[in-house]
Structure formats: structure tokens, C-alpha cells
Amino acid sequence: MEEKYACLCCGEKTLPSKAEEAIAYICPVCWWENDVFLKSDDEPSDENHQLTLNQGRANYQKCGISYPELIIWWADNEIKSYSELMLMMSEKSNFFEIHCWEDENEAIELALQYGKLKRTSWHNGKVIFGRVTTEFKNMLASLPATCGDKKTPFFSVFFDNGFSSEHYGTEINYFDTSGLFEEDMAES
């Protein structure tokens with residue numbers, strides 16, 4: 001068996017050779033492109049969208065990938081399936097919010113099995129907030145695609161790590177959610 005070496009970003013043994021020799025190797029776990037020219041962990045990497053290795057490590061800890069915006073590219077190019085993305089992002093999340101239109105009774109009932117109704121000013125829909133549990137992740141993994149292009153019965157799903165699935169899974173985003181969950185997290 002071929003010996004593998006630890007990725008400098010995620011720490012997983014994925015490199016085919018020592019880090020200082022693995023030129024331009026992209027880790028299949030965290031997608032950090034090994035940059036042999038970095039002199040410090042705080043130097044911006046040309047190979048990694050000007051992120052420093054420390055920033056890549058922090059992103060990996062937060063959401064499971066060194067450069068979170070790649071998630072959008074993954075979705076657009078079908079690098080990972082919708083359910084794989086949802087599971088990957090839920091692994092690094094503690095809380096979720098699901099948004100459903102008010103007439104989507106089945107989706108609302110399903111979401112309420114894993115969270116509670118949140119008071120909002122959205123008059124045409126319901127928002128369910130809850131903890132990301134093993135049961136919740138299992139539910140996400142078992143969701144069948146609905147009709148047409150819909151990949152989920154939920155209009156929107158937001159995780160506290162910045163990942164969101166909107167318009168029934170047809171739009172994947174990553175953004176700073178600090179503040180979005182603070183009040184609900186304090187109550188939980």
C-alpha cells in the first residue's frame with residue numbers, strides 16, 4: 001500500500017508525497033491545493049484564492065472545505081450530489097433553519113419533526129429552527145427529489161456555518177450567517 005502524507009490544511013493523509021514535494025496536489029477532502037511556495041501559514045496562497053493556510057484551516061473547521069465558495073462551483077458542476085453537499089455541510093453545523101411557503105403542509109410537518117416554529121414577519125410562509133442532530137441528517141440523506149428540478153421539499157435550508165440551499169435546492173450559496181442564528185441559539 002502506498003504511503004500517504006497529511007494535508008497541511010485538514011490534516012487527513014491524502015498527499016501522495018511529503019507536503020514540500022506534492023506540487024499543486026489538491027486534497028480530495030478539503031480541496032486545499034498544496035502550495036509548496038508558502039513561507040508561512042499566514043502568507044496568501046496564489047493557488048488558493050489568496051487564502052492563507054490558517055484561513056483555509058479555519059474554513060475547514062467551520063464547514064468542511066478550505067474555500068467555501070467552491071461549494072457553489074461543486075453544485076453547479078455536479079461534483080457532488082445535492083444530498084452529499086447537504087450532508088457535508090450539516091456535519092459542520094449545529095443549527096438549521098428551514099423556510100417553507102405556508103401552503104406546503106407536508107414539508108412544514110416534516111421540518112417540525114426536527115425543530116420548532118419560529119416567529120417571523122414572513123406572512124406567506126413558515127420558518128422552522130432546530131438543532132442539527134443525527135436524526136435530522138438522516139432525514140436529509142433520505143429525502144427523495146420532488147417534482148421537476150426540485151431537489152428537496154423545502155423552499156430554503158440554512159445552516160449556521162454559512163451554507164444555504166434555496167429555491168428547492170436549485171440554488172446553493174455560502175455566506176456569513178453570523179447574527180442570523182444568535183437569538184435562536186441563545187434560547188436552545
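**Group meeting talk: salt bridges, sheet and rings**

A quick word on the ground rules. This is a predicted model, in which local features need pLDDT of at least 70 and side-chain atom pairs count only at pLDDT 80 or more, while totals for chains, interfaces and linings use all residues. Residues are numbered from 1 along each chain as its sequence is written, and side-chain values use heavy atoms, with hydrogens and water left out.

Back to Arg57. Its partner in a salt bridge is Asp41, with 2.8 Å between the closest N and O atoms; by salt bridge I mean a side-chain nitrogen of Lys or Arg within 4 Å of a carboxyl oxygen of Asp or Glu. Arg57 sits in helix 1 and Asp41 in the loop between strand 2 and helix 1, so to speak 16 residues apart. Helices here are DSSP runs of H or I with at least four residues, strands are runs of E with at least two, and both are numbered from the N terminus. Asp41 is also partly exposed, at 32% relative accessible area.

How many salt bridges does the structure hold? The structure has three. Another one joins the side chains of Lys137 and Glu91, at 3.5 Å from N to O. Because Lys137 belongs to helix 5 (residues 134–142) and Glu91 to helix 3 (residues 82–91), this pair ties together parts 46 residues apart in sequence. Lys137, at 16% relative accessibility, counts as buried.

Then there is Lys118 with Glu97, whose closest N and O atoms are 2.5 Å apart. Lys118 is in strand 4 and Glu97 in strand 3, so parts 21 residues apart in sequence are tied together. Glu97 is buried, with 3% relative accessibility.

That brings us to the overall fold. The protein has six helices and eight strands, and along the sequence they follow the pattern β-β-α-α-α-β-α-β-β-α-β-β-β-α. The C-alpha trace spans about 55 × 35 × 25 Å along its principal axes. Of the 188 residues, 43% count as buried. Of the contacts with a separation of 6 or more, 43% come from residues 24 or more positions apart, a contact being heavy atoms within 4.5 Å.

Six strands make an open sheet in the order 4-5-3-6-7-8, with antiparallel pairing. Its edges are strand 4 (116–118) and strand 8 (171–174), each of which pairs on one side only. Two strands pair if DSSP finds at least two bridges between them.

Look at strand 3 (residues 95–101), where six of the seven residues are buried. Strand 3 pairs antiparallel with strand 5 (residues 125–131) over seven bridges, and Cys100 has Lys126 as its bridge partner there. Strand 3 also pairs antiparallel with strand 6 (residues 156–159), over four bridges, with His99 standing opposite Ser156. Further along, four bridges join strand 7 (residues 163–166) to strand 8, again antiparallel, and Ser165 stands opposite Ile172.

On to the rings. Phe96, Tyr114, Phe136, Phe159 and Phe163 are linked into a cluster by ring pairs. Rings of Phe, Tyr and Trp (its six-membered ring) pair if their centres lie within 6.5 Å, and the planes count as stacked under 30 degrees apart, edge-to-face over 60 and tilted for the rest. The count comes to nine aromatic pairs. One of them is Phe159 with Phe163, a stacked pair at 5.9 Å centre to centre with 20 degrees between the planes.

Glu33 is buried yet has no salt bridge, and Lys39, the nearest side chain of opposite charge, is 16 Å away. Here Lys and Arg count as positive and Asp and Glu as negative, with His and the chain ends not counted. What does Glu33 touch, leaving out residues up to four places away in sequence? Its contacts are Ala24, Tyr25, Ile26, Glu47 and Asn48.

Thanks, everyone!

Key
Buried < 20%, exposed > 50% of the residue type's maximum accessible area, 1.4 Å probe, protein only.
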